[in-house]
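Good morning, colleagues. Please have the sequence and the model on your screens.

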Amino acid sequence: MGAPRGPSPSAAGAIRVVAADDCVLIRRALADALGEAPELELVAVCARADELRTAIDRHRPDVVVTDIRMPPTMTDDGLRLAAELRRTHPTVGVVVLSVYCEPEYVVSLLRGGVDRRAYLLKERLADVAQLVAAIRAVADGGSVIDARVAQMLRPDGT
């Protein structure tokens, strides 16, 4: 886990969150789940990477929850945004939600440091407490890697 950079948002009040996913059902699920968590303040929900950039600049969130693949390219927009945020908004944490249990995606997310980064499989959306805990950890400067993905990162795969 990386060291926090500055005061923890959770110590100062609600953690400000911007969420993004191209799937309307996932966006609604995120809005419902995160909107009910008392320690979070959901300030924007976006469908596209360009909307997400605008929301980050406008709302100055503590944490961004994003998909990997979003319009306009439908490739790795979420991962590229996470790398970009290291330069432009270094105190903004990023939680990537993905259906892909791919080690190269995790390595890409963590390039440049593990602090304020999390990679969770979308199946974890069923456990809102786990998602909220990951958001809190990232806001506090830590990192979280889904257990299934972490297992794949081990050299022996066990």
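Throughout this talk, contact means heavy atoms within 4.5 Å. The model is predicted: local features need pLDDT of at least 70, side-chain atom pairs count only at pLDDT 80 or more, and totals for chains, interfaces and linings use all residues. Residues are numbered from 1 along each chain as its sequence is written, and side-chain values use heavy atoms, with hydrogens and water left out.

With that in place, consider leucine 52. Which residues does leucine 52 touch, not counting those up to four places away in sequence? The partners are Val18, Ala20, Cys46, Val64, Thr66, Met70 and Leu81.

Buried here is under 20% relative accessible area, exposed is over 50%, and partly exposed lies in between, using a 1.4 Å probe and protein chains only. The largest such core has 27 residues, and Val18, Leu52, Leu85, Val96, Leu109 and Tyr119 have the most contacts inside it. At least two residues of this core come from each of strands S1 (15–20), S2 (40–46), S4 (93–98) and S5 (117–121), and likewise from each of helices H3 (49–59), H4 (77–88) and H5 (103–110). Another core, of 20 residues, lies apart from it and includes Val63, Val65, Leu97 and Ala139. As general background, nonpolar side chains tend to be buried together in soluble globular proteins.

Now the chain as a whole. Helices (H or I, at least four residues) and strands (E, at least two) are DSSP runs, numbered from the N terminus. The chain has seven helices and six strands, and along the sequence they follow the pattern α-β-α-β-α-β-α-β-α-β-α-β-α. Of the 158 residues, 46% are buried. Among contacts with a separation of 6 or more, 69% join residues 24 or more positions apart.

I turn to one helix pair. The axes of H4 and H5, which are lines fitted to C-alpha atoms over the stretch in contact, with angles from 0 to 180 degrees between N-to-C directions, come within 8 Å and cross at roughly 20 degrees. The two helices are therefore roughly parallel, the label for angles under 35 degrees. H4 contributes Leu79, Ala82 and Arg86 to the contact, and H5 contributes Tyr105, Ser108 and Leu109.

H4 also contains aspartate 77. Is this residue buried or exposed? Aspartate 77 is buried, with a relative accessible area of 5%. Its contacts, leaving out residues up to four places away in sequence, are Ala49, Ile68, Met70, Pro71 and Pro72. Alanine 49 is 28 residues from aspartate 77 in sequence, yet their C-alpha atoms are 6.4 Å apart.

Proline 72 sits in the loop between strand S3 (63–67) and H4. Methionine 74 is in the loop between S3 and H4 as well; its phi is near 60 degrees, a positive value in a residue other than glycine. Methionine 74 is partly exposed, at 39% relative accessibility.

Finally, arginine 60, in the loop between H3 and S3, has a positive phi of about 50 degrees although it is not a glycine. Arginine 60 counts as exposed, at 52% relative accessibility.

Definitions and conventions. A nonpolar core is a set of buried Ala, Val, Leu, Ile, Met, Phe, Trp, Tyr and Cys residues joined through side-chain atoms within 4.5 Å. Angles under 35 degrees count as roughly parallel, over 145 as roughly antiparallel, 65 to 115 as roughly perpendicular and the rest as oblique.
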